[in-house]
Structures are given as C-alpha cells and as structure tokens.
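Welcome! Please take a look at the sequence and the model below, and then we will walk through a few of its features together.

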Amino acid sequence: MEDLELKKVGLELMFMTPEKGAVDNWITAVELAKMVELPVETVKKKLVILKDSGIIRVKGINPKYWKFDNYSFQRMDEDDEVYQLLCCFDDVDFDRYFQY
C-alpha cells in the first residue's frame, strides 16, 4: 500500500530549492507542513521515517532543520520500500516542483 503522505513529504524535500524559501535547502517541519498542506504532527512522523531510512539529515534542536540527502538516496537498495515509493512518478505533478 502506498503512503501518499510520506511520498508528498519526501518529494517536497527531494525537489527543495532556495527559491521555495529554504535556507541552503534546510527547512523546518512547520514550513514543510504548510507547503505540503498536512498537519505538522503528520509531517514530523513522516520525517522520522525518512530519517530512519537514511535519506534526510537533521540539524539543530529547537527548531530542527531537515534536508534531503541525495548522496544517500542514490546509494539506497532498489528493493527498499521508501526508495520505490519516491521513485514512482506515475501520479506526480512536476509543475508543483518546477517552473518551466
């Protein structure tokens, strides 16, 4: 079963740019929750899942800043459920992440 909330949070971090308001691509959970239109507590739970998978990094204590780790993502096992979820672009609207 696909975790659409996890996918939404993961893809938003994956395609994070300074133009979206992140400082050096680091963003707080509250800012991210506003961007993906999900409750903050839900976003925090999804961030922990992504952190446990090793594809996002965290710094700071209060507030915590989160950043996608592209290097670790590229080295993930292709059979990993989180990897497969983030690589399935069938229903992704890329206009959300890029302006052409």
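F73 is buried, with a relative accessible area of 8%; here buried means under 20%, exposed means over 50% and partly exposed lies in between, using a 1.4 Å probe and protein chains only. This is a predicted model, in which local features need pLDDT of at least 70, side-chain atom pairs count only at pLDDT 80 or more, and totals for chains, interfaces and linings use all residues. Residues are numbered from 1 along each chain as its sequence is written, and side-chain values use heavy atoms, with hydrogens and water left out.

Y83 is buried too, at 17% relative accessibility. F73 and Y83 form a tilted aromatic pair. Rings of Phe, Tyr and Trp (its six-membered ring) pair if their centres lie within 6.5 Å; planes under 30 degrees apart count as stacked, over 60 as edge-to-face and the rest as tilted. F73 lies in helix 4 (residues 70–74) and Y83 in helix 5, so the pair ties together parts that are 10 residues apart in sequence. Together with F68, these two residues form one aromatic cluster.

| Residues | Arrangement | Distance |
|---|---|---|
| F73 and Y83 | tilted aromatic pair, 35° between the planes | 5.1 Å centre to centre |

Now for helix 3. Helices (H or I, at least four residues) and strands (E, at least two) are DSSP runs, numbered from the N terminus. The buried residues of helix 3 are T42, V43, K46, L47 and L50. They cover an arc of only 135° around the axis, which puts them on the same side of helix 3; the arc is that of the directions from the helix axis to the C-beta atoms. On the other side, E41, K45 and D52 are exposed. The buried residues pack against helix 1 (4–14), helix 2 (29–36), strand 2 (56–59), strand 3 (65–68) and helix 5. Just after helix 3, G54 takes a positive phi of about 85°.

At 36% relative accessibility, R96 counts as partly exposed. Leaving aside neighbours within four places in sequence, R96 is in contact (heavy atoms within 4.5 Å) with K8, E12, K20, M35 and V36.
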